[in-house]
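Please open the model in your viewer and keep the selection panel at hand.

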Amino acid sequence: MNIWFMRNQLLVYFILLLSLSGAYSDYSFSAHAKINPDGTAHVTEKTVFLFENQQERKAFEQNMNLGESTIIKWQEMSPNIKHHFRGLISNTKITAKREFSVSFDAGTVIVEYDVGPIFTSEKIGSRRTVYSLTPDSLVFDKTKTGQTSLGNNVELEFVYPKGTELIRAAPVYDGDGNVILWKGPIAGNWEFAYAVEIPLSQEVSEFFYSTYKNATDSLPLILLGGFSLLLLFVLVKFRRN
């Protein structure tokens with residue numbers, strides 16, 4: 001009797017594990033990072049997943065209708081729903097919707113946030129600054145050798161400031177203007193760097209402004225020094241008389 005009971009229990013657990021392992025299968029993921037001139041970024045991440053049954057669809061719609069705004073709650077449906085950039089994160093917003101363009105049994109969760117700094121800066125000369133992606137700023141899957149890996153139907157896009165110069169980007173990417181796009185499956189050591197160079201006219205203007213500001217800031221000291229010298233001159237002349 002006990003043996004049959006234990007077998008039935010094990011069978012129930014086995015079926016439950018199978019149902020959980022197939023729940024909410026991921027369909028696609030994309031991360032779009034708009035890089036600001038100061039090396040911070042505004043990130044938009046979109047996760048599309050499929051419902052395996054009516055219960056999952058109802059659970060998704062319940063979260064959506066309640067305006068669920070915690071990443072932990074949405075991670076019950078997909079582990080891809082997280083911050084894929086490491087840094088000082090703020091202003092996180094989460095929105096969800098049904099993705100009928102993919103399937104009747106598809107849902108989308110969009111996570112938006114600000115993060116930074118994810119770039120290090122190096123000043124080269126008086127007018128040129130190079131911004132390089134911090135190696136550990138990406139939070140994606142890793143290979144056994146420690147390389148960053150993008151799976152099937154996974155995209156990572158950088159939009160860097162217009163008017164800047166692309167220095168390097170790796171691994172192999174698609175580029176158009178100031179947009180860099182990596183499409184999975186792909187793995188490698190991620191590199192990305194761009195340079196900002198201020199115009200010579202701006203450098204000259206900043207020099208004169210700095211000189212003027214320093215002179216303005218020093219004016220009270222100059223006047224105080226002049227007044228002190230004048231007072232000293234008057235006192236010396238008074239004593240001589």
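Select valine 159 in this predicted model; opposite this residue stands valine 179, which belongs to strand E12.

Strand E9 (residues 154-159) pairs with E1 in the parallel sense, over six bridges.

Now move to asparagine 178, in the loop between strand E11 (174-176) and E12. Is asparagine 178 buried or exposed? Its relative accessible area is 17%, and the limit for a buried residue is under 20%, so asparagine 178 counts as buried. Show the residues around asparagine 178: beyond its neighbours within four places in sequence, it is in contact with Phe158, Val159, Tyr160, Pro161 and Lys162. Tyrosine 160 deserves a separate selection. The C-alpha atoms of asparagine 178 and tyrosine 160 are 5.7 Å apart, although 18 residues separate the two in sequence. A polar atom of the asparagine 178 side chain lies 2.7 Å from the backbone oxygen of tyrosine 160.

Finally, select the open sheet of four strands, whose order is E5-E6-E14-E10, with antiparallel pairing. Its edge strands, E5 (119-124) and E10 (165-170), each pair on one side only. On average, neighbouring strands of this sheet are turned by 15 degrees against each other, direction ignored. E5 pairs with strand E6 (residues 128-133) over six bridges in the antiparallel sense; there, phenylalanine 119 stands opposite leucine 133 of E6.

Methods: Residues numbered from 1 in each chain as written. Predicted model: local features only at pLDDT ≥ 70, side-chain atom pairs only at ≥ 80, totals over all residues. Heavy atoms only, no water. Pairing = 2+ DSSP bridges. Helix = DSSP H or I, 4+ residues; strand = E, 2+ residues; numbered from the N terminus. Axes fitted to C-alpha atoms, helices over the stretch in contact; angles between N-to-C directions. Buried < 20%, exposed > 50% of the residue type's maximum accessible area, 1.4 Å probe, protein only. Contact = heavy atoms within 4.5 Å. Polar contact = N/O pair within 3.5 Å; in protein donor to acceptor, adjacent residues only side chain to side chain.
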